[in-house]
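Reader: Hi, I'm new to this one. Can you walk me through it?
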Amino acid sequence: MIHAYQLVVLIPYAAALILVAVPGYRVGATANVIVSAATFAAGLWLVAGESIVGDYAIVDEFNIVFIAINTLVGFTTALFSASYIGHEIETGRLSPSFVRFYHAMFQAMMGSMNLALIANNIGVMWVGLELATLITVVMVGLYRTPQAIEAAWKYFILASVGISLAFFGTILIYLAGQPALGEGMPAMTWSLLQAAAARMDPAILDLAFIFLLIGYGTKVGLAPLHAWLPDAHAEGPTPISAVLSGLLLNVALYALLRFKMLVAGQPAALDPGPVMVVMGLVSLIFAAFMLYQRRDIKRLFAYSSIEHMGLIVFAFGMGGPLANFAGLLHMAMHSLTKSGIFFAVGHIAQAKGTQRIAEIRGLSVTHPRLAVVFALAVLAICGMPPFGVFASEFLILTTTFAREPWLALLPAFGLLVGFGALLMRLQGTIFGEPVGPAHRVEASSVPMVLHLLLVLAAGIFLPPLLVAWFQRAAELLG
Amino acid sequence: MPGLYVSGVALGALAIGAAMASLVRGPALAFVYPLSALAAVVLGVVDLQVLLSGSEAAIRLPIGLPTIGFHLRLDTLSAFFGIVINGGVVAASLYGMGFDRAKELTPRVEPLFPLFAAAMNLVLIADDAYAFLFSWELMSLASWALVVARHTDPECRRAAHLYLVMAAIGTVALLFAFGGLAGPAGGYAFDTVRAHRPQPMVAALVLTAALVGCGSKGGLIPLHAWLPLAHPAAPSHVSALMSGVMTKVAIYGFVRIAFDLLGPPDWWWALPPIVLGAMTAVLGLLYAVLDRDLKRVLAYSTIENIGVIFVALGLALAFSANAQHEAAAVAMAAALLHVLNHSWFKSLLFLGAGAILHATGRRDLDGLGGLIRRMPRTAAFFLVGALAISALPPLNGFVSEWLLFQAVIAAPALPQAALHFASPAIGAMLALAAALAAACFVRVYGTAFLGRPRSAEAAGAHDVPLAQQAAMGGLAFLCILGGLMGSVLAAALAPVLHKLVGGALPGPGSGPTPFSLIAFDPARSIYDAPVIALFVAIASLTTLIVVHRLSERRTRRGPAWDCGFPDPSPATQYTASSFAQPLRRVYGAAAFAARETVVMPPPGDIRPARFSVVVVDHLWRVFYAAPGQAVLGLSECLNVLQFLTIRRYLVLMFVTLVILLSIAAVTT
Amino acid sequence: MSQAYEISHLLAGVMLVTSFALLYQERVAAVLNAFAAQSITLALAVAWSAWSDNRPDLFITALIALTLKGIVIPVALHRTVARLGIHREVEKVVGVGVALMVGLALTGLAQALVLKVAAGMASHAREELALALAIILLGFLMMIVRRNAVTQVVGFMSMENGLILAATGARGMPLVVEVSVAFSVLISLFVFAVFVFRIRERFDTVDLEALDRMRGDRR
Amino acid sequence: MTHDLVVQFLAQGAQMTFVLLIAPLAVGVVRRVKARLMRRQGPPLLQAYLDLAKLLRKESVIAESASWLFRSAPYLIFALTWVAAALVPSFASGLMFNWAADVVALVALLGAARALLALAGMDVGTSFGGIGSSREMMIATLAEPAMMLIVVTLAIAAGTTRLAGVADFFIAEPFGVRVSLALSLISLVIVALAENARIPVDNPTTHLELTMVHEAMVLEYSGRHLALIEAASHLKLVLYLSLLICLFAPFGMAPATAGLSGWAIGLAAWIAKLLAGAVLLGVWEVSIAKMRVFRLPDFVGVAFVFGFIAILLAFLTRGVFA
């Protein structure tokens with residue numbers, strides 16, 4: 001009897017093998033959408049089912065949400081890229097053979113991320129995450145322009161170092177678990193480690209967490225480990241930017257949080273809170289300032305992703321049920337909103353034929369609908385109501401102020417600085433007299449509207465089931 | 001309870017109206033303003049009923065924050081502010097009906113107008129922190145979109161950007177305020193907050209945050225700079241809403257936090273609002289007197305009025321901290337009545353400015369003049385508004401001003417030395433503000449409506465459509481009525497006053513006539529507007545009759561005498577700038593380092609003499625220009641991190657790792 | 001047992017020495033030789049622990065280390081270097097002396113960190129862990145003090161040697177083999193990438209400074 | 001009761017007529033005194049009445065560019081000033097309607113009159129009107145803060161802002177009590193000079209263009225309108241004189257309950273004090289020169305400073321430093 005959690009991984013991998021062989025990009029794109037839909041269905045099946053704890057797979061209140069988001073965004077991105085890639089071929093940026101390769105890689109990447117999410121084994125999770133990273137490296141270089149190659153190369157080197165450090169951290173976790181769980185597989189199994197966290201070796205746990213923080217933090221995009229992120233977002237195909245910001249960062253953060261749970265379970269270990277708070281604040285404020293100097297619209301939103309990852313890490317660093325809840329909510333909201341924004345950016349780039357902010361103006365005159373959606377999405381990511389990001393930022397700032405009034409000034413400062421920059425760019429792009437070309441946009445606007453609606457719904461009403469999951473996870477995070 | 005449902009329906013109607021308006025285009029949009037007017041009337045009636053009957057209603061919707069929910073409550077305070085707001089909305093919608101759809105950029109305005117109105121109403125009935133800030137921010141967002149409606153004008157874009165950033169700063173401050181009130185456990189519902197009052201230290205922080213949050217929305221100096229840019233940038237009826245009404249929502253927020261949620265006040269809470277308010281009042285008017293743009297002058301005078309209101313609120317805090325409840329009632333009544341009055345005459349003036357803009361296409365005072373003949377009705381209504389905002393009896397502006405002066409005069413009785421030494425200074429500053437207001441609006445009216453037209457547009461002006469005249473006329477009527485019936489309004493406020501400061505003004509009947517407004521007790525201070533008005537009316541009528549009996553009735557029209565040198569050119573009139581000159585000489589030098597330079601060519605030289613004035617806005621330089629440059633400069637410096645080599649990025653990574661490892665090595 | 005520990009400890013020590021040698025070398029060829037030596041030592045260490053804890057699967061790891069990193073890649077890189085004509089000095093960021101000092105400091109740090117570890121785990125495991133940690137840090141250091149792609153690749157690979165050592169040192173750790181395989185794939189990609197850039201003529205040199213001609217935001 | 005009411009009403013009416021009738025006389029006295037001190041013959045005491053009568057008889061010329069505001073302003077200005085003057089307790093404190101407005105309202109009434117006058121000055125659209133209006137409003141911004149300080153002082157001393165109440169208080173008090181009151185007397189005098197456009201603030205007799213303030217505003221008026229404006233300024237002078245009297249020299253004023261006889265005494269005393277004040281004003285005006293307009297802040301600033309010191313002293317005497 002095959003189970004949903006196997007499907008979530010197996011469908012994409014199988015599809016990847018098939019798609020390599022499928023000729024014709026239209027067929028490939030359609031197949032890609034169908035497969036992603038199937039994966040999404042499997043994800044929903046998981047959501048409907050009860051939690052699973054197997055030797056290799058785990059589905060609990062913590063990762064179920066991310067599996068759901070992952071499969072959903074995978075599906076919407078496939079939908080988007082189906083309409084987007086066609087344009088890339090017409091403009092000759094991609095050749096059909098590359099598109100075939102692209103579809104296969106896309107599925108492989110989704111599969112690896114799902115693998116990392118449902119793995120009940122720190123080794124398997126590591127493998128999944130690193131596979132996903134390496135595949136995205138290839139995807140970033142897909143256009144084979146000098147800039148693309150350079151971005152891919154940068155990403156590749158930094159990511160590989162991160163991979164190694166993360167692996168060393170994994171080994172250390174195993175060593176730390178050894179005294180409690182003995183040798184062999186148990187000391188690498190999440191569920192068992194979680195249960196035995198109190199009996200793990202605190203000193204090695206500290207060491208391990210540092211290496212994992214640096215290793216996986218590189219993929220989360222925490223400053224100063226972020227260098228690969230803006231270029232990778234800017235130079236890769238837009239669907240990949242959406243997946244990078246929306247999913248890969250989340251998966252890396254998910255891994256990091258799992259390990260934080262272990263550390264939180266061992267009172268003797270050092271409290272990772274302060275370190276995370278500091279790194280989060282550094283990323284948040286640094287990215288906020290970097291937003292002002294951006295000239296490429298995709299790089300702009302890449303930095304905004306760094307900013308929000310910083311805020312999330314800050315929230316988890318603060319800890320406590322409310323802050324953790326807010327952090328989880330913000331993760332979910334950010335991945336939906338940011339991928340939606342990248343969809344919109346893809347439309348804009350096709351409409352204006354450029355990614356340079358200076359050459360995009362007056363969208364509200366030439367493309368009113370697109371402008372409205374884009375504006376709403378950007379305002380949503382800025383934490384404006386009635387969108388879900390507002391709820392999470394509300395919780396983060398209020399609880400922080402209630403506990404550490406002076407500390408609360410820093411994230412607020414960072415958010416305001418970032419808001420100033422994003423608003424400036426938003427007004428510059430959608431208002432004013434239009435300049436340059438204004439092509440019709442073929443790409444389907446369903447995905448971005450869908451994401452926006454989800455974020456809107458979350459801002460107004462959070463389903464109790466989701467709340468229950470988040471609260472349980474927030475407890476575990478300590 | 002039914003009240004809440006009815007207003008819920010009205011709000012829903014507004015929201016649906018906004019949604020529909022965003023879909024349709026063209027003449028179909030005409031439905032927006034009638035709908036908004038209708039909804040606002042319904043809401044206002046409900047509020048009035050609640051205020052008079054004192055029947056509060058609360059409800060908790062299962063949306064919003066998980067486990068907290070979305071609390072709504074309609075109590076007398078919200079009801080009072082609801083009346084203020086919906087009055088403004090009705091007037092603005094009425095004015096909007098008169099728009100010429102072809103000319104105005106309706107698709108960018110009309111979908112947002114009802115949303116804006118709904119958001120403001122929602123702020124008032126919000127009963128938990130999330131609901132409050134949710135609707136507060138929605139309000140800012142809607143008004144931002146309205147400000148940037150004329151998006152091709154770079155000034156509008158700049159104003160909108162500054163506005164929303166300042167609004168965000170304010171919202172963050174309010175987030176902090178509510179965070180402090182809710183505590184680490186996250187009791188966001190206002191009832192929970194009332195149940196556990198914060199510690200004194202926390203209360204201080206909360207008060208500061210609230211002052212920043214509400215002050216930035218209301219235009220309290222030094223958080224004011226966005227206001228004179230953003231309010232004029234919007235279409236005039238929206239300017240009327242923003243200036244006349246939205247600033248009152250800010251006042252509501254401060255009252256709600258400082259008088260309701262924060263618990264019994266300490267005496268020193270009074271100092272920040274009083275000091276800032278007094279500064280705001282005076283500086284706001286100095287700005288206004290020196291400015292030449294009609295709508296910006298009005299915006300600056302809004303800043304002044306907000307300052308006055310904050311002074312009154314501060315006095316109310318001081319009195320109630322010392323358990324002087326009737327004095328607190330006087331101050332609070334002054335604040336609330338000024339909120340109401342200002343919403344009336346400021347909306348009236350902005351609508352008038354809109355009428356001028358519509359008729360002449362100009363906002364610069366030095367290009368107007370003589371409109372009293374071309375647009376007689378507008379001129380009459382505007383005159384009422386100008387006299388009312390100058391706090392002249394028997395109009396409504398003076399009622400609240402009078403009460404405020406009574407409160408100031410009572411302030412020396414306060415035990416705290418700081419307060420009773422401040423009181424005369426405050427009184428003097430308020431008097432100065434009042435006199436400056438008179439000067440400012442004599443200047444505005446004299447240059448815009450009186451004299452001779454200074455431009456072809458002004459000469460060819462025509463009065464506005466009937467709907468817009470009706471909107472202005474209604475407000476003007478309210479200004480007069482409110483001036484005469486001030487005591488009635490004060491009596492209607494009694495429940496709110498009891499709720500906030502535990503006291504009220506002596507009711508009608510305790511004075512010589514039913515309409516005499518009484519502070520403290522009849523032996524101490526009375527102001528009886530109807531009697532005075534009656535006296536003035538009788539006196540002027542008798543004078544009229546007598547003079548016409550006695551005197552030579554012949555009247556001849558002739559050229560102006562002007563000391564025998566009449567010059568036909570309108571350029572010889574006093575302009576707004578020349579009118580401001582004495583005030584600039586007296587006050588500008590200190591406040592704005594204003595300097596006049598005259599370049600006089602030598603005799604025989606035919607070149608004209610040049611006169612120039614330099615005015616420096618220190619506040620802008622210190623609080624806005626400098627931080628902005630700091631942020632940009634810092635971003636420039638940090639930007640090198642975008643251009644490092646891969647090896648250097650690896651160095652960053654390595655250093656981070658080593659630092660963390662060393663920390664782990666040293667800590668035990 | 002103790003003897004088994006002595007030998008594995010000895011081999012690990014030798015690896016640490018070789019990574020100092022990597023830091024010390026001036027010429028690319030010498031660097032490659034030192035790296036080959038380190039990889040072969042690693043292979044021996046892995047093989048030894050495979051024999052002593054009788055975990056035959058580890059022999060695969062040893063074999064990979066020996067063939068791929070001990071022979072194939074060094075030879076390949078020798079070729080590349082020859083073809084690219086960078087025989088002589090590799091330009092360094094800091095002098096050898098400084099690099100060695102920093103290396104010593106890192107080794108000390110590694111010791112200090114591991115000494116904090118509770119006595120709960122076997123002492124030799126701790127020693128091995130300390131050595132592995134030091135090797136990893138030295139590899140990282142190697143990557144950042146050299147300006148030349150080949151030497152950076154070498155630095156990365158010596159980091160990864162440290163990882164394999166740690167992995168085999170962690171008794172009974174599953175998946176070591178798979179991971180070592182995965183890593184070898186990664187490394188081959190790494191080297192392959194260098195070749196790609198060489199062959200495609202997209203970059204006329206493999207000096208990383210030149211790789212970032214196109215900076216992040218086109219100014 | 002009704003009889004009493006009627007009497008009260010008559011008394012109020014009497015005050016309105018008195019102030020109206022005596023105003024030109026006071027002005028005449030001032031002019032006469034000044035003339036005599038300048039070794040001039042000077043106009044007869046009743047000249048002001050004759051002037052008004054003459055103006056009423058003349059036709060009034062109105063500029064083409066004048067609007068309805070220009071024509072209606074004089075009536076309102078006159079009425080406002082008249083009512084204000086009638087509300088100041090003159091010969092008796094407890095009159096029927098003088099509760100209707102306290103000091104604050106009184107000042108505001110005069111402010112309304114001033115605003116209307118300034119608007120009228122701007123209406124024709126000449127440069128002189130503008131000069132006059134702008135300077136008048138500037139002077140007002142200087143005078144009103146000082147006035148507010150005086151009011152605060154009185155309120156601290158007497159505990160009320162109703163003039164009648166203050167007057168009663170000072171009648172009851174032994175005379176010449178406090179330093180603070182002396183100081184506020186000085187500042188009230190200065191304010192009065194500024195408000196009435198007397199030397200050194202303004203010269204009521206000048207028609208030298210650039211020094212005019214009040215005259216510049218009314219430059220375009222003629223005939224009956226000018227008569228009303230003149231009468232209003234006379235009334236204003238009387239108002240401030242009797243304000244000074246009622247606050248700082250209330251002796252002889254009839255208390256609320258006094259009968260006709262008391263009123264008679266009060267009336268006599270009031271007229272005497274009024275004329276004395278007029279004489280003093282005349283003496284003052286010949287003994288000092290007019291100031292440049294932009295020296296005024298210094299002059300009126302004195303009033304402000306004295307007013308402030310007065311309040312601090314009032315605090316001292318009331319001993320609020322508990």
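**Chat about the model**

Reader: What am I looking at, and which scores does the model have?
Author: This is a predicted model. The model scores ipTM 0.92 and pTM 0.94.

Reader: Which pair of chains has the most contacts?
Author: Chains B and D. Four pairs of chains touch, and the B and D pair has the most contacts among them.

Reader: How many residues are in contact there?
Author: On chain D, 78 residues are in contact with 72 residues of chain B.

Reader: You listed a strand, β1(D). What does β1(D) pair with?
Author: With strand β5 (residues 555-558) of chain B. The two strands pair in the parallel sense, over four bridges.

Reader: Which residue of β1(D) stands opposite T555(B)?
Author: S60(D) does.

Reader: How far is chain D from chains A and C?
Author: Chain D does not touch chain A; their nearest C-alpha atoms are 37 Å apart. Chain D does not touch chain C either, and there the nearest C-alpha atoms are 56 Å apart.

Reader: Back to chain B. Where does Y445(B) lie?
Author: Y445(B) lies in helix α18 (residues 417-448) of chain B.

Reader: Is Y445(B) buried or exposed, and why?
Author: Y445(B) counts as buried because it has 27 C-beta neighbours inside 10 Å. The cut-off for buried is 20 or more.

Reader: What does Y445(B) touch?
Author: Leaving out residues up to four places away in sequence, Y445(B) touches F382(B), L383(B), A386(B), L450(B) and L119(D). L119(D) belongs to chain D.

Reader: How far is Y445(B) from W144(B)?
Author: They are 301 residues apart in sequence. In space, they are 30 Å apart, C-alpha to C-alpha.

Reader: New topic, chain A. At what angle do α15(A) and α17(A) pack?
Author: Helix α15 (residues 368-381) of chain A packs with helix α17 (residues 409-430) of chain A at an angle of about 180 degrees. Their axes are 11 Å apart. α15(A) and α17(A) are therefore roughly antiparallel to each other.

Reader: Which residues meet there?
Author: From α15(A), A371(A), F374(A), A375(A) and V378(A). They meet L422(A), L426(A) and I430(A) in α17(A). By class, that contact has seven nonpolar residues, with no polar and no charged residues.

Reader: Now chain C. How many helices and strands?
Author: Chain C has eight helices and zero strands.

Reader: How much of chain C is buried?
Author: Of the 219 residues in chain C, 49% are buried.

Reader: What is the mean pLDDT of chain C?
Author: The mean pLDDT of chain C is 80, and 80% of its residues reach 70 or more.

Reader: Where does pLDDT stay under 50 in chain C?
Author: Over residues 198-216 of chain C. The model has 40 contacts beyond four places in sequence for that stretch. Where pLDDT is low, the predicted coordinates should not be read in detail.

Key. Residues numbered from 1 in each chain as written. Chains lettered and ligands numbered in written order. Predicted model: local features only at pLDDT ≥ 70, side-chain atom pairs only at ≥ 80, totals over all residues. Contact = placed C-beta atoms within 7 Å. Pairing = 2+ DSSP bridges. Axes fitted to C-alpha atoms, helices over the stretch in contact; angles between N-to-C directions. Parallel < 35°, antiparallel > 145°, perpendicular 65-115°, else oblique. Nonpolar A, V, L, I, M, F, W, Y, C, P; charged D, E, K, R; others polar. Buried ≥ 20, exposed ≤ 12 C-beta atoms within 10 Å, placed from the backbone. pLDDT = per-residue confidence, 0-100.
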